[in-house]
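Biologist: I would like to learn to read this model one feature at a time. Where do we start?

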Amino acid sequence: MSAPGTPPLVAVEDLRVVLPTGHRTEVEAVRKVSLVVHDGERVGIVGESGSGKSVTARAVAGLLPTSPRVRVTGSIRFAGQELVGAGPEAWHTIRRERVGMIFQDPLTSLNPTMRIGRQVGESLPGERDRRARTEKVHEYLRQAGLENPDRIAAAFPHELSGGMRQRVLIAIAIAKSPSLVVADEPTTALDATVQQRVLRTLDDTVSELRTSLVLISHDLAVVAGMTDRIYVMYAGHIVEEGPTDRVLEDPQHAYTRALLRSVRSLTDEDTELYSIPPALRRELTAEVTGAA
Amino acid sequence: MTTQPVTATETPRPEHPAPGAAPTSDREPDGVRSPWRSFFGRPSTIVFVVVLVVLALAAGIGPFFVADPVATAYPKLLPPGGEHLLGTDMLGRDYLARVVYGGQVSLMVGFSVALLCLTIALVVGGLAGYYGGILDAALVKVAEFFQVLPGIVLALVAAALLGSNMLIIVTILAITMWPGVARIVRAEAMRIAQLGYVESARAAGFHNLRILWSDVIPNAMPPVLVATSMTVGRAILIESGLAYLGIGDPGNPSWGALLNSAQSYIRDGWWLALFPGCCIFLVVLAVNVLGDSLNDTFNPTLGRVK
C-alpha cells in the first residue's frame, strides 16, 4: 500500500463511457465509476457480461476505439498524471512502460508470423545487446512457468497450446517490469484445469514482482483467491466494493448476494441452479439509472 | 492453394527437438531461415525454381556464349539443330541469341514491374486499410484513378513524348498495375487491424507505423505475394502486347516482340513462335507456382488449427 500523501497508482473518478451501438443509438457502458488501485495491490472487478468491467479496463488502458462518438468523461489518473484528454504520446508512454495488458483470448493475441522470442523481446525496454536480450526473454518465459524457454522462444504461436500461449502473454506483460498488470478475463478461453495453473502463475509472478494487478472476471471463484479488494459492477455501475474476504463472506448489496448464490448453486449439490429473479433485476435497473 | 499440405506441416517440426542451437549461435533465435527450408522441401518448388534459375541464368550470362543477335550472316529460316540450336529467323539471325537477349528484356520488365507494384501497394494499401477513415477514402480514390487509366493509351502518349525505352515501359506498367495489388493489401490490412494481436500491440504501446510494419504487413503477405507473382506474368504479357503496337525498344526485342514478329512466318518457321512462347509460358507458370508455395510457407498457420 502506498504511504499517505503519495497518490495511488491508479485513481479513477466519475468515469463515464458512452459507446455508439448503432447509427443514432448509443449506450452508457460505464456510469460514474470511481476506483483506486494502490501500489502492489491486487484488485478484482467482477460482474456479469455487459456490466462494463472490460470497458472500464480498456478506458484505463486507453484502448477504447478512437471515434468521436466514443465519449469518455471523468478522470483517470495514473500515478498522479491525468489521462482523460491526454495526447497519444502520454498514452504511448504509459502503455509502453507502465501497464501490461493480458487479454481474454490467448489464441488470437499473438502475432502468428513472429516467433515467441521476438514477441517477448519487443516489450523489453531498451536492451540493445542481442545475447542479453535472449537471456532476459528466457528468464521471463521461465518466470511465466514455461519449461524449455529456448524451445518456446523459437516456436511460432500456433505450435503452442492455449495455456502455453496465455503464459507467453503473461511473460510479455511482465517483461517491461510494469507497475500495473491488467488481466481481462485471462482464463475464460482455457479449460478448468489449465485455468487454475495459469492463474497460480499470474498470482506468483505478480506477487514476486510487487506489481499491482487489476483482475477482471465474471467468475467470483477466480477473483476470490487472488485479490485483496474487489469491486462488483452491474450495468456500468459499481454496486459494492471492499476487501475480498469481507465482500464474499458478508455481502452488503442485494446483487452481490444474488451473484454469490448463483455461484454456490453451481458448486453445491442438491441445490437448484439459481438465477437472478426478474424482480431484483428491475430493482437494480431502477437503482442504477436513478443513481446515474 | 495448398499444393503439398503434408510437407508444409511436417518440415518445421524437426527444428524444435534441437534446442540449445538457437540461443548459442550468433544468429538470432527468431531468424528467418527455417521457412525457406520448408519452402525448398516441396518437389514442385524445386522444379520451378530450377526452371526460373535456368531461364534467368540464360538471360544473364547467356549473351557471353551465343552468337551476335543482329548479325544476318546465316541462311534464312534454318530449322533448329546443328550449328544453330534454335535455328535462324527470317532475316538469317541466330534465333538462340535472339531468345536469350529477349529474355533479358522480358524478365527485367516482369520482375521490376512486380517489385514496383508490391512496394507501392504495400505503402498505399497498408496505410489505407490500417488507418481507415478519410485517408482510406482518399487513397482508394487515387487507386481507382490509376486503375481506370488505360495503360496502352498512356504508353502510346508517353512513347510519343519521351521516346520508348524500357524504363518508361516499366514505369507505365507499374503505374497502371499497382491498384490491383493495393486492393488486396488494403482488404487484408482492414481485417488484420481488428485482430487480437494488433490490439495487444496497441496495448503494449507500439506506434501505429510500427504495428503496420511488423504485425499487419507480414500477416497480409500470403495473398499479396500470390497477387504479385501473377503481376510478373501479366507484366510480361502486356509488355509483349505493347511491343506488338510498336511501343517498345526495337533494338532490344523482348520475347513478346519475337512472338509477334513470328506471326507471319508461322507456316515456314514454327520454331520462331514456339521458343519465345514456351519461355513466356514457363516463366509465368513458374512465378505463379512459386508464389503459391511462398504463400503456403510463410503462412505458418495455413491448414492447421489456429
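**Contacts and core**

Biologist: Which residues does Cys117(B) touch, not counting residues up to four places away in sequence?

Modeller: Two residues are in contact if their C-beta atoms, placed from the backbone, lie within 7 Å. For Cys117(B) the partners are Ala174(B), Met177(B), Trp178(B), Val181(B), Thr228(B) and Thr231(B), leaving out residues up to four places away in sequence. A word on the ground rules. This is a predicted model, where local features need pLDDT of at least 70, side-chain atom pairs count only at pLDDT 80 or more, and totals for chains, interfaces and linings use all residues. Residues are numbered from 1 along each chain as its sequence is written, while chains are lettered from A and ligands numbered from 1 in the order in which they are written.

Biologist: How many residues has the largest nonpolar core?

Modeller: A core of this kind is a set of buried Ala, Val, Leu, Ile, Met, Phe, Trp, Tyr and Cys residues joined through C-beta atoms within 7 Å. Buried means 20 or more other C-beta atoms within 10 Å of a residue's own, exposed means 12 or fewer, and partly exposed is in between. Here the largest core has 154 residues. Cys117(B) is among those with the most contacts inside it, along with Ala171(A), Val182(A), Val214(A), Ala121(B) and Val216(B). Helix H5 (residues 95-131) of chain B gives the most to this core: 20 residues.

**Chain B**

Biologist: How many helices and strands does chain B have?

Modeller: Both are DSSP runs, numbered from the N terminus: helices (H or I) of at least four residues, strands (E) of at least two. Chain B comes to 12 helices and 0 strands. Of its 306 residues, 43% are buried. Take contacts between residues at least 6 apart in sequence: 72% of these in chain B join residues at least 24 apart.

Biologist: Which residues of chain B does UniProt list as "transmembrane region"?

Modeller: The unreviewed entry lists 46-66, 105-130, 142-161, 167-185 and 270-290 of chain B. Such annotations may be inferred rather than shown by experiment; positions use the numbering here and feature names are shortened. Now set the record beside the model. Residues 105-130 of chain B are 100% helix, with end C-alpha atoms 37 Å apart. Residues 46-66 of chain B are 76% helix and 0% strand, and their ends lie 27 Å apart. The entry also has "domain: ABC transmembrane type-1" over residues 107-291 of chain B. That span is 84% helix, and its end C-alpha atoms are 16 Å apart.

Biologist: Is Thr88(B) buried or exposed?

Modeller: Thr88(B) counts as buried because it has 27 C-beta neighbours inside 10 Å. It sits in the loop between helix H4 (43-61) and H5 of chain B. Among its contacts beyond four places in sequence are Tyr74(B), Pro75(B), Arg93(B) and Tyr95(B). Thr88(B) and Leu272(B) are 184 residues apart along the chain, yet their C-alpha atoms are separated by 8.2 Å.

**Chain A**

Biologist: In what order do the 4 strands of the open sheet in chain A run?

Modeller: Strands of a sheet pair through backbone hydrogen bonds, either parallel or antiparallel. Two strands count as paired if DSSP finds at least two bridges between them. The order here is S2-S1-S4-S5 (chain A), with antiparallel pairing. S2 (26-37) and S5 (81-82) of chain A are the edge strands, each pairing on one side only. Strand S1 (residues 10-20) of chain A joins S2(A) through 8 bridges. In that pairing Val18(A) has Glu28(A) as its bridge partner in S2(A).

Biologist: How many residues of strand S8 (residues 212-217) of chain A are buried?

Modeller: 6 of its 6 residues. Ser212(A), Val214(A) and Ile216(A) point one way from S8(A), and Leu213(A), Leu215(A) and Ser217(A) the other. Strand S3 (residues 42-46) of chain A pairs with S8(A) in the parallel sense over 5 bridges, with Gly44(A) opposite Leu215(A). S7(A) also pairs parallel with S8(A) over 5 bridges, and Val181(A) stands opposite Leu213(A).

Biologist: What phi does Glu185(A) have?

Modeller: Most residues other than glycine have a negative phi. Glu185(A) has a positive one, about 45 degrees. It lies in the loop between strand S7 (180-184) and helix H7 (192-209) of chain A. Glu185(A) counts as buried, with 20 C-beta neighbours inside 10 Å. Asn148(A) has a positive phi too, near 50 degrees. Asn148(A) is partly exposed, with 14 other C-beta atoms within 10 Å.
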